[in-house]
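Biologist: Could you bring the model up on screen and take me through it? I'll ask as we go.

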Amino acid sequence: MAMGGGGSTYKSADGIWHAAIDIEPDRATGRRRRLTAQGKTKAVANARLRMKLDSYVRKGFTPNSPSPRLMDWLETWYHERAEANLRPNSRRSYANAIARLNKIAGARRIGSLGQQGHGRHSGRPEVLQPEDGHDHLVRPEERA
């Protein structure tokens, strides 16, 4: 499988097809990195490898790919980093917060989130302050 070079497809002794491709070395260590996939047939192994590579590029893990979309980054972060360390109620809270963020800006690229001129939050960010004697936050223009 020559998807940009450095790839191979082979059948192991147990009859399973393996597909692999070299990707750029790890920037921190310089070590070689490969994406691999397996399948009962050569076509299945190659298709799985393509899906894995597409996901890898979409999430922004390659130097030539654009920054990842917020929804892709949040999904990766939640499942790989946060989920295992959370209690059930915290998992639900995080999942709800991620769903709300995805509705607001999930399709945007992370690199574009800090730029001005996008919707309601252009310019300075809105600061919410506690209302006197209450435990909820109000917008500055709502204070009177």
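This is a predicted model: local features need pLDDT of at least 70, side-chain atom pairs count only at pLDDT 80 or more; totals for chains, interfaces and linings use all residues.

Biologist: Start with the strands, then: how do β1 and β2 run, and how many bridges join them?

Modeller: Strand β1, residues 7-11, and strand β2, residues 17-23, run antiparallel and are joined by five bridges. Within that pairing Ser8 stands opposite Ala20, while Tyr10 stands opposite His18.

Biologist: And what's in the turn of that hairpin?

Modeller: Five residues lie between β1 and β2, and one of the residues in the turn, Gly15, has a positive phi of about 90°.

Biologist: Why do you call β2 largely enclosed?

Modeller: Because six of its seven residues are buried, β2 is largely enclosed by the rest of the structure; buried here means under 20% relative accessible area.

Biologist: Which residues make up the largest nonpolar core?

Modeller: There are ten in all: Trp17, Ala19, Ile21, Ile23, Leu35, Ala37, Ala45, Leu49, Leu53 and Tyr56. The elements that contribute two or more residues to this core are β2, β3 (33-39) and α1. Apart from it lies another core, made of seven residues, among them Leu70, Tyr78, Ala82 and Leu86. As a general point, nonpolar side chains in soluble globular proteins tend to be buried together.

Biologist: Changing topic, where is Lys59, and is it buried or exposed?

Modeller: Lys59 lies in the loop between α1 (42-58) and α2, and it counts as buried because its relative accessible area is 17%, which falls under the 20% cut-off.

Biologist: What does Lys59 touch, leaving aside residues up to four places away in sequence?

Modeller: With those set aside, Lys59 touches Pro68, Asp72 and Thr76. The C-alpha atoms of Lys59 and Trp73 are separated by 6.4 Å, although the two residues are 14 apart along the chain.

Biologist: Which residues make the nonpolar surface patch?

Modeller: Trp73 makes it together with Ile110 and Leu113, and the patch covers about 240 Å². The partly exposed state of Trp73 matters to that assignment, because its 40% relative accessible area is over the 30% required of patch residues.

How values were computed
Residues are numbered from 1 along each chain as its sequence is written. Side-chain values use heavy atoms; hydrogens and water are left out. Patches are made of residues with over 30% relative accessible area and no salt bridge: like charges are joined within 9 Å, nonpolar side chains (Val, Leu, Ile, Met, Phe, Trp, Tyr) within 5 Å. Accessible areas come from the Shrake-Rupley method with a 1.4 Å probe; for residues, only the protein chains shown count as cover. A salt bridge is a side-chain nitrogen of Lys or Arg within 4 Å of a carboxyl oxygen of Asp or Glu. Buried means under 20% relative accessible area, exposed over 50%, partly exposed in between (1.4 Å probe, protein chains only). Two strands pair if DSSP finds at least two bridges between them. Helices (H or I, at least four residues) and strands (E, at least two) are DSSP runs, numbered from the N terminus. Contact means heavy atoms within 4.5 Å. A nonpolar core is a set of buried Ala, Val, Leu, Ile, Met, Phe, Trp, Tyr and Cys residues joined through side-chain atoms within 4.5 Å.
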